[in-house]
Amino acid sequence: MSRKSTAAIDHEIAVLSAEINALHRREQDFTRVLDEMRRLLDSMKTEKLDLAAKIADLESQKHPINWLPAELLIHIFVFSTTVNADASKKLSFNTFPINLSHVCRKWRQITLSTSSLWSNILYQTNRWYSEPLETFLERSRASVLDITFAPALEADRDSLSPEINTVTQLVRRLLPLQSRWRSIAFGCNIPLSLDEIVEALAQTPASSLSHLQYLNLSILVQDPCFAGSSLLENEFLDNQSSVAENMSLTHVRLQQIPLSNIPGYLLSKVRTLELCYPLKAVAMDRAHHYTLRMSYLFRFLRYIPLLEELILEETAFFFNVVLQASANDGSTPSSIVEESALELPNLKSLVWKYAFPKDIYHLLSLINLPLLEHWHLSIASSFSKRVDLIQFRGNYDPDPFTQIEPLNSVVTLSALTELDICCQSEDNIGSSLRRFMFPSLQRLRISCLDTHESQSKQPLPPLPRLESIFRDPRLPHLTHLTLTHFDITREHGRAMPGYMPSLVSLSIGSCTGAGFVLTALSESCGTSHSLGRGVRMCPRLEELMLWDCPDIPFKSLFAAVWARDYRPEPMITQAAQQPGISEVETVSAVLGRAIRPLKKSRKINDDGKASSTQYNGEPAHALLSTMIPMSEALRPTPIAYVHIDNCPLISHTEALSLEEFGAVVSFG
């Protein structure tokens with residue numbers, strides 16, 4: 001075989017190279033086509049995703065929640081986070097922001113960009129977990145912090161040992177962020193757990209707590225033992241080293257923690273104070289246990305000059321205070337403290353839950369409350385006498401040493417306009433309020449604890465007469481009355497409305513005998529003077545609200561509404577304008593009996609002389625008169641609103657017939 005020449009080889013190489021170049025060009029063309037196809041494919045995928053997103057957006061617009069702008073959703077989320085803070089008791093953090101962030105992409109973007117959603121530091125376990133805490137602190141950025149430690153109440157003391165370590169770790173991690181604290185709430189099972197946070201508050205300057213608005217320190221177990229804790233030894237109340245000009249703390253709640261653990265400068269701007277110190281079931285003076293003495297409370301309240309609302313929850317006091325002006329020289333035991341009357345010039349609301357009858361007057365007789373407007377009182381039944389609780393006035397006959405002050409005086413709450421009374425027994429109401437005067441009372445609610453649902457056969461307690469509840473039963477300024485869970489007798493149902501001529505709204509719920517009250521409200525003035533129809537009682541009544549009243553007949557309700565369906569008559573107007581005839585004479589003629597002016601209330605002055613009692617500069621007899629003016633008695637205000645709920649003797653058809661008299665009828 002002959003060998004190819006060099007020229008032939010070069011020619012073949014050139015031909016093959018040309019073919020390679022042609023294939024390379026074709027490869028480039030194919031690659032360019034493939035790239036273009038891939039680009040078109042990606043473009044199609046992107047367009048498909050965009051169209052799917054638009055479809056999802058259109059689908060979301062079917063739901064009203066998605067009509068709201070992001071700014072409004074943020075407000076809703078922040079509010080819902082505080083409401084649903086206890087979503088999971090087994091986790092160490094608030095799960096609600098996490099749940100929000102997993103709803104959809106839009107909500108996740110909103111939650112992660114809203115720092116205030118992560119500022120609620122909620123710890124609900126005794127175990128220490130740092131990772132959730134760090135995540136919340138990182139996402140909260142510079143927002144103010146709401147710190148809550150609220151583990152479950154543990155019955156086994158062996159399971160409480162991790163609580164001390166958890167609280168210590170939590171406080172030490174949050175202490176550098178004290179300038180961001182807005183609220184602090186620590187509820188612990190053992191007092192030793194609170195040492196760290198109490199010490200931190202005492203050593204923190206006031207300038208670093210300028211954002212703090214709410215403080216809650218609670219010991220959850222009953223009658224805690226302070227052994228090993230410094231809470232009984234601390235004396236931070238007099239710590240005035242810091243100036244509290246920029247303090248914003250307005251709400252304080254303390255439960256079973258010694259009052260001396262709160263620095264005094266923290267209390268300068270407080271408006272609301274809640275105290276919870278339940279009655280002990282064992283001997284009072286025991287080592288490592290704390291008893292709330294009245295002297296401690298006096299001292300504590302003197303640091304709160306701006307207090308407007310005081311809430312006492314199941315709080316029992318050891319009354320070791322007498323007024324200086326009432327103490328007998330040289331006869332006061334060393335255990336009794338002489339104090340001047342406590343001044344609370346700004347207090348407007350007092351809530352006292354589970355108060356013993358004998359404690360009520362004794363406490364308020366030691367305090368001046370010139371602006372008290374609202375009083376919610378829950379009266380507890382006194383326990384039988386116990387030798388280990390003799391210093392608690394609610395459980396025994398008064399001790400002579402704590403009775404140094406005179407008890408024949410009367411406490412006048414001249415500014416009180418709203419009184420809410422809840423009792424466990426009807427016998428306790430009168431013994432609680434007989435030494436009080438309420439010359440300006442406008443709203444009154446009297447209720448008995450509903451203990452009859454489980455024992456339906458047990459009758460309701462009888463409603464006490466007003467003269468057995470109040471020192472003076474006349475309520476001339478009362479406009480709103482609510483009665484619940486009582487049995488109203490015929491005699492009392494007829495007499496009660498006569499004490500309240502200015503009544504505008506009457507609410508009766510879960511009562512028997514309510515028809516007797518309506519019958520009294522339907523009584524006419526009489527026809528002896530031919531002046532037309534009128535009413536004897538409550539001519540200004542406009543609203544009637546009845547619920548869960550099983551024995552109210554429709555005829556009683558109809559009569560009360562019909563009697564106030566005023567039709568103008570010329571004779572009434574002419575009689576009212578007759579010269580020379582006094583209003584008392586005219587009303588006496590209409591009622592068919594003589595109307596005599598009420599006697600003046602009398603009191604004994606310091607010089608032993610009697611004088612008329614004064615309220616707000618007005619004579620008592622003028623202020624407390626319950627005589628109905630003639631013009632109102634003969635022209636009463638028509639009933640404008642009637643509400644009926646679960647009254648079986650009143651059908652809907654019958655109730656709607658009252659609309660013929662202009663009344664608006666509603667059903668529960």
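**Note on the nonpolar cores and selected loop and strand residues**

1. The largest nonpolar core has 144 residues, and Phe 186, Leu 217, Trp 375 and Leu 433 touch the most other members. A nonpolar core here is a set of buried Ala, Val, Leu, Ile, Met, Phe, Trp, Tyr and Cys residues joined through side-chain atoms within 4.5 Å. Buried means under 20% relative accessible area, exposed over 50%, and partly exposed in between (1.4 Å probe, protein chains only). Another core, of five residues, lies apart from it and includes Cys 525, Ile 628, Ala 633 and Leu 634.

2. The model is predicted: local features need pLDDT of at least 70, side-chain atom pairs count only at pLDDT 80 or more, and totals for chains, interfaces and linings use all residues. Residues are numbered from 1 along each chain as its sequence is written, and side-chain values use heavy atoms, with hydrogens and water left out.

3. Leu 433 is in contact (heavy atoms within 4.5 Å) with Trp 375, Leu 377, Leu 419, Ile 421, Phe 438, Ile 469, Phe 470 and Arg 471, leaving aside neighbours within four places in sequence.

4. Ser 183 lies in strand 3, residues 181-188 (helices, H or I, at least four residues, and strands, E, at least two, are DSSP runs numbered from the N terminus). Ser 183 is buried at 12% relative accessible area. Not counting residues up to four places away in sequence, Ser 183 touches Leu 145, Asp 146, Ile 147, Leu 212 and Tyr 214.

5. His 485 is not a glycine, yet has a positive phi of about 60 degrees. His 485 sits in the loop between strand 18 (480-484) and helix 12 (490-495), and counts as buried because its relative accessibility is 14%.

6. Asn 646, also not a glycine, has a positive phi of about 55 degrees. The loop holding Asn 646 runs between strand 25 (641-645) and helix 19 (652-656). Asn 646 is exposed, at 53% relative accessible area.
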